[in-house]
Amino acid sequence: MLPPRTALLLTLVLAAGFLGLGARRPPQRPSPISAIQPKAGFDAQQFAGTWFLAAVASSCRFLQEQGHRAEATAVKVAPQGAAMAVNTFQKLDGICWQVRQLYRDTKVPGRFLLQARGARGDVQVVVGETDYQSFAILYLERARRLSVKLYVRSLPVDDSAVSTFEQSVQGANLTEDHILYFPKYGECPPGPRGLPALCGPCPGHTDPCLAPRFL
């Protein structure tokens with residue numbers, strides 16, 4: 001039989017151990033975008049060039065409330081080593097602007113990181129599906145909020161691309177009510193010199209729904 005003082009000390013040690021176990025935080029769930037697989041064998045050279053934003057799916061309240069203000073949007077992509085420089089051309093109050101951003105390399109082809117300011121952290125980007133010639137589906141996540149974007153090489157959008165996009169939206173646990181289709185006309189010409197830069201490079205756009213506008 002243990003002496004009373006030893007028994008008391010052992011009891012205190014065991015109690016402290018149990019309290020420590022109870023205070024441990026449960027493991028954090030993986031982010032939604034971690035389950036998205038990038039395009040197999042993603043080739044940034046083939047992905048380069050001009051794309052038009054056709055649709056966005058997001059649960060962002062700002063998108064739902066201000067979606068009627070969406071303007072036709074074009075992007076121009078240029079590889080920079082394993083990273084990609086992405087210039088977005090869109091109108092703001094009737095004036096064409098460009099938003100310059102750098103999708104940084106993550107050592108996984110097709111998976112990128114867009115650095116951003118603020119407590120919500122950086123934006124993770126995955127090129128999920130693309131045939132390089134007609135459509136591309138990108139997934140973006142910030143603060144565990146996942147968005148899905150459909151880009152096309154030319155307008156109007158092919159029905160098969162829309163169908164693939166809608167399936168991707170469902171796979172991201174979003175619905176048709178979360179989809180905003182962008183205008184098919186009035187886009188800023190991608191690439192003219194002299195366009196004012198809304199920000200560039202843009203480490204963190206000020207829009208409430210990721211970056212750039214309505215991302």
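These legends go with close-up views of side-chain contacts in a predicted model.

**View 1. The salt bridge between aspartate 105 and lysine 107**. The count comes to one salt bridge, and here it is. The closest N and O atoms of aspartate 105 and lysine 107 sit 3.6 Å apart. Aspartate 105 is partly exposed, at 33% relative accessible area, while lysine 107 is exposed, at 73%.

**View 2. Arginine 142, buried without a salt bridge**. You'll find arginine 142 in strand E7, which runs over residues 135–142. For this arginine, the nearest side chain of opposite charge belongs to aspartate 122, and that is 6.5 Å away. What does turn up is the backbone oxygen of glycine 121, 2.6 Å from a polar atom of the arginine 142 side chain.

**View 3. Aromatic pairs**. A search of the whole structure gives five of these. Phenylalanine 42 and tyrosine 132 make a tilted one, with 6.4 Å centre to centre and 35° between the planes. Phenylalanine 42 comes from the loop between helices H1 and H2, and tyrosine 132 from the loop between strands E6 and E7, so the pair ties together parts 90 residues apart in sequence. Phenylalanine 42 is buried at 10% relative accessible area, and tyrosine 132 is buried too, at 8%. Tyrosine 103 and phenylalanine 112 form another tilted pair, at 6.3 Å and 45°; both residues are buried.

Terms used: Residues are numbered from 1 along each chain as its sequence is written. This is a predicted model: local features need pLDDT of at least 70, side-chain atom pairs count only at pLDDT 80 or more; totals for chains, interfaces and linings use all residues. Side-chain values use heavy atoms; hydrogens and water are left out. A salt bridge is a side-chain nitrogen of Lys or Arg within 4 Å of a carboxyl oxygen of Asp or Glu. Buried means under 20% relative accessible area, exposed over 50%, partly exposed in between (1.4 Å probe, protein chains only). Helices (H or I, at least four residues) and strands (E, at least two) are DSSP runs, numbered from the N terminus. Lys and Arg count as positive and Asp and Glu as negative; His and the chain ends are not counted. A polar contact is a pair of N or O atoms within 3.5 Å; within protein, one must be able to donate a hydrogen and the other to accept it, and residues adjacent in sequence count only if both atoms are side-chain atoms. Rings of Phe, Tyr and Trp (its six-membered ring) pair if their centres lie within 6.5 Å; planes under 30 degrees apart count as stacked, over 60 as edge-to-face and the rest as tilted.
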